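The entries follow the order in which I looked things up.

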Amino acid sequence: MRIFAILALLAVASTFACQNTAVGNEREVSATGYEYVVHTSAGGEKPQEGDYVYFHAQMRNADSVVFTSRSQGQEPFIQIGSASKQGRPVSPVEDVLKDLSVGDSVTIFISLDTIPNKPRGFENSNTMYYDVVLNSIKNQEEYMADLQKIRQEMAAKADIVKARAPEIDAFAQDIGKKYASGALDSEIQTTASGLKYVIHEAGEGPNAEPGKNVSVQYYGMLTDGTIFDQSFTRGEAIKFPLGVGRVIQGWDEGLALLNKGTKATFFIPSDLGYGATGSPPKIPADAELIFYVELEDIN
């Protein structure tokens, strides 16, 4: 099995009631031994080997939803039939989806009692519930056409971002000079940890929260104006889960103050950045960092 987007851990219980034929709650067993319950069965054509199946899913701990693919903004999908050929075990998702048709929905029961380090949100549970609804089936030709379209859209978006690079450079450098001269003192807000920030343009909606995936365009420099990294010249935002230590502490704290669409500058003290060791060769020890950021998205 090849997993291309987000490996669907999950599905959408709210859609189950919207399908064609309701099925009972009797558990069935897949070819490799996974138990599941069929909620709806449309009775259509099943995927063939090599087809790509697109679906939505949610992962539950009993009645508590831990993750839903709908929050990712992109359908997860897998290719049917490639796992065994590549010598890898078939996942429970592929094992069940290969026997479904478009519109079908199921719950797969995954035993966790033999897993030493259980997934986040399942620390005290022995069963993970995967609710899955199959949305579409595409053959190789259809998949390649979609892939080409996505690549073209991404390239066009990257070109737009790259075109802004000179503008962002001038803006960020001006902010750095104003910060050094004290001209921003009346605009700067400071948190209890010592993080300083200025909001240039407010976004909309709720703030980013720990555990959410964020997409961020950024321009990083030292207080003397030396650039050490930026995303604008690459044309692609950095994406990561917030609040789990994937980035420096100043970013985890600062981005949690922002909502989608916000443009801001962080002035990050050394202890919230790279500390006494720095990040050679570009970031020296005990360096204060300046980051202009644009919070593109929150999932």
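Is tyrosine 179 buried or exposed? I looked up its relative accessible area in this predicted model and found 15%, so tyrosine 179 is buried.

**Entry 1: tyrosine 179 and its partner.** I then examined phenylalanine 267, which counts as buried at 0% relative accessibility. Tyrosine 179 and phenylalanine 267 form a stacked aromatic pair, with 4.1 Å from centre to centre and 15 degrees between the planes. I noted that this pair links distant parts of the chain: tyrosine 179 belongs to helix H4 (residues 165-181) and phenylalanine 267 to strand S16 (residues 263-268), 88 residues apart.

**Entry 2: the ring pairs.** I recorded a count of 12 aromatic pairs. Tyrosine 54 is buried, with a relative accessible area of 8%, and phenylalanine 77 counts as buried at 9%. I also found a cluster in which ring pairs link Tyr218, Phe228, Phe240, Trp251 and Phe291.

**Entry 3: charges over rings.** Which residue lies over the face of tyrosine 54? I found lysine 138 there, at 4.5 Å from the ring centre. I noted a further case at phenylalanine 109, where the charged end of arginine 27 sits over the ring, 3.6 Å from its centre.

**Entry 4: nonpolar cores.** The largest nonpolar core has 25 residues, and I listed those that touch the most other members: Trp251, Leu255, Phe266, Ile268, Leu289, Phe291 and Val293. Two or more residues of this core come from each of strand S12 (213-222), helix H5 (249-255), S16 and strand S17 (289-298).

I next looked up the contacts of phenylalanine 266, leaving aside residues up to four places away in sequence. Among them are Leu195, Lys196, Tyr197, Gly254 and Leu258, as well as Trp251, Leu255, Leu289, Phe291 and Val293.

Finally, I recorded a second, separate core of 22 residues, which includes Val38, Val53, Phe55 and Phe67.

Terms used:
Residues are numbered from 1 along each chain as its sequence is written. This is a predicted model: local features need pLDDT of at least 70, side-chain atom pairs count only at pLDDT 80 or more; totals for chains, interfaces and linings use all residues. Side-chain values use heavy atoms; hydrogens and water are left out. Rings of Phe, Tyr and Trp (its six-membered ring) pair if their centres lie within 6.5 Å; planes under 30 degrees apart count as stacked, over 60 as edge-to-face and the rest as tilted. Buried means under 20% relative accessible area, exposed over 50%, partly exposed in between (1.4 Å probe, protein chains only). Helices (H or I, at least four residues) and strands (E, at least two) are DSSP runs, numbered from the N terminus. A charge sits over a ring if NZ of Lys or CZ of Arg is within 6 Å of the ring centre and within 35 degrees of the ring normal. A nonpolar core is a set of buried Ala, Val, Leu, Ile, Met, Phe, Trp, Tyr and Cys residues joined through side-chain atoms within 4.5 Å. Contact means heavy atoms within 4.5 Å.
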